[in-house]
Amino acid sequence: MKAWFAQRPWKRAAAWLVFLGPLFYATYGFANWWATTRANVPSMAFDWERQIPFWPWTIFPYWTINVFYALSLFLARSKHTLDRHALRLVTATLVACTCFIVWPLHFSFGQPPVDGAPAFLFNALRGFDQPFNQAPSLHIALAVILWDWYRQFIRPLWARLVLHVWAFAICASVLTTWQHHFIDIPTGALLGLVCVWMWPLARVVSMRRAWQVTRDAQRWKLGGFYAVGAALFLAAALYGGGVWLWLAWPAASLAFVALNYIGFGARGFQMDGHGRMGWAARWIFAPYRLGAAINAWLWTRKLPASVEVAPGLRLGRRPTHDEWLAAGKPRLVSLCAELQMPAGVPHARCVSLLDLTVPPTVRLQRAAAVIEGQRRNADGAPVWVCCALGFSRSAAAVIAWLGRYGSAGGLAEAEDAVRRARPQIVLRPAWLSSLAQLHTAPKVSPHD
């Protein structure tokens, strides 16, 4: 137990708490004050919200978020995870309060009188919280962040169920205490997801450091295309109102896809080396991923899932679990940044590349090395190289492997072999130029 306590960065946690507490009250209070100076502060509410019951006792789970907020900082096992968690809290606070100032909203119907024990907590809340600061709900954003934080420490199933119920109770209480309108909940959840996505707890590059504005004209073109799509969805959401407001989700998703093409790159999709995407990224990009999956099905539904290019080496689209089983449980190598590998597939590897863009030669070199590593460890099983369609990214990776590790006489012969096996491949001159540079680069170990 003594060693457990010694391993925690207590002083750093205390310093973060000393910083975060005043930051919250200063920014949140300023946003409240700013709203009171406005002549007219609008409200966004649906008629059905007046049917939501007012349950005074739910102020107790509502307030528990303060305890979990302060305690969370002292559970960190390392300075790295502590700093990332604290930066999530800082980001949520600053972004939410900026929204409150730029787009102030107020809660449109007052709370009934409250007595007993809940009255004390309601009165304490009113001491610093006015009926403003609505969307996005900072309460919901913090609940998402804290839920993700605490679940890393909990392993027993019953304890995880308690955590899920607690998080749900906190989120539901913003409605049953009549603190927020419904629109505040999905917007607050999106803010929480973005904070989790921006500051991953794993020792990987944060999104802030991943940002590098590209000079690739094709990436700018695609980024602009997705930005226009985001604007159209947002316009439809605002114009339609009501249930059409849910179109703001695909609008946000496409906006982040545009940012990936312009600056974050494939890292923005947060696909790990085994073809699984971080949970926050899965939700942020869910509408885009659905569209990408439908697009892949439309293009490849009449084609075989994969074709054999060389003995033990297959090329195709991202398989379903059943297709993977039917192919003899091959080792998978994915070049897809936006679509995950099917669940339950062991030993899958991923070298994520943005769709419709040409990667630098070093990434193709890396892909070839990963294919070689999978072949060496396949124990007789085939290796299936895939992307969304199996037309460009995976085709280039197979050509790279054939040219550097296979029996092909060179890249031209490798390209011919791939085209014979899968005539539908699409490799623009820029792809061939990137592949042509492989012969000057040193080989990469499959285990690097």
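1. The largest cavity. About 40 Å³ of space lies in the largest cavity of this predicted model. A search of the whole structure finds 1 cavity of 30 Å³ or more. Which residues line the largest cavity? They are Glu49, Ile52, Phe107, Phe109, Leu175, Trp178, His180 and His181. By type, the lining divides into 5 nonpolar residues, 2 polar and 1 charged.

2. Helix α6, its length. Helix α6 runs over residues 138–150. It has 13 residues, and at 1.5 Å a residue these should span 18 Å.

3. Is α6 largely enclosed or open? It is largely enclosed by the rest of the structure, because 12 of its 13 residues are buried. Buried here means under 20% relative accessible area. The buried residues include Leu138, His139, Ile140 and Ala141. Asp148, Trp149 and Tyr150 are also among them. What covers these buried residues? The cover includes α2 (10–36), α3 (59–72) and α4 (79–102). It also includes α7 (157–176), α8 (184–198) and α12 (279–284).

4. Record against model. The unreviewed UniProt entry places the feature "transmembrane region" at several stretches, among them 132–150, 182–202 and 246–266. Check two of these in the model. Over residues 182–202 the chain is 71% helix and 0% strand. The end C-alpha atoms of that stretch are 33 Å apart. Over residues 246–266 the chain is 81% helix and 0% strand. Here the end C-alpha atoms are 26 Å apart.

5. Two positive phi values. Lysine 329 has a phi near 55°, a positive value in a residue other than glycine. Where is lysine 329? It sits in the loop between α14 (321–326) and β3 (331–336). Histidine 347 is not a glycine either, yet its phi is positive, at about 65°. Histidine 347 lies in the loop between β3 and β4 (349–353).

6. Glutamine 437. This residue lies in the segment after α18 (429–436). Its relative accessibility is 43%, so glutamine 437 counts as partly exposed. That class covers values between 20% and 50%. Glutamine 437 and threonine 361 are 76 residues apart along the chain.

Terms used
Residues numbered from 1 in each chain as written. Predicted model: local features only at pLDDT ≥ 70, side-chain atom pairs only at ≥ 80, totals over all residues. Heavy atoms only, no water. Helix = DSSP H or I, 4+ residues; strand = E, 2+ residues; numbered from the N terminus. Expected span 1.5 Å × (residues − 1). Buried < 20%, exposed > 50% of the residue type's maximum accessible area, 1.4 Å probe, protein only. Contact = heavy atoms within 4.5 Å. 1 Å grid on protein atoms, 1.4 Å probe; cavity = no way out; pocket = protein on both sides within 12 Å on 5 of 7 lines; lining within 4 Å. Points joined across faces, edges and corners; volume = space filled by probe spheres on them. Nonpolar A, V, L, I, M, F, W, Y, C, P; charged D, E, K, R; others polar. UniProt positions renumbered as here; feature names shortened; annotations may be inferred.
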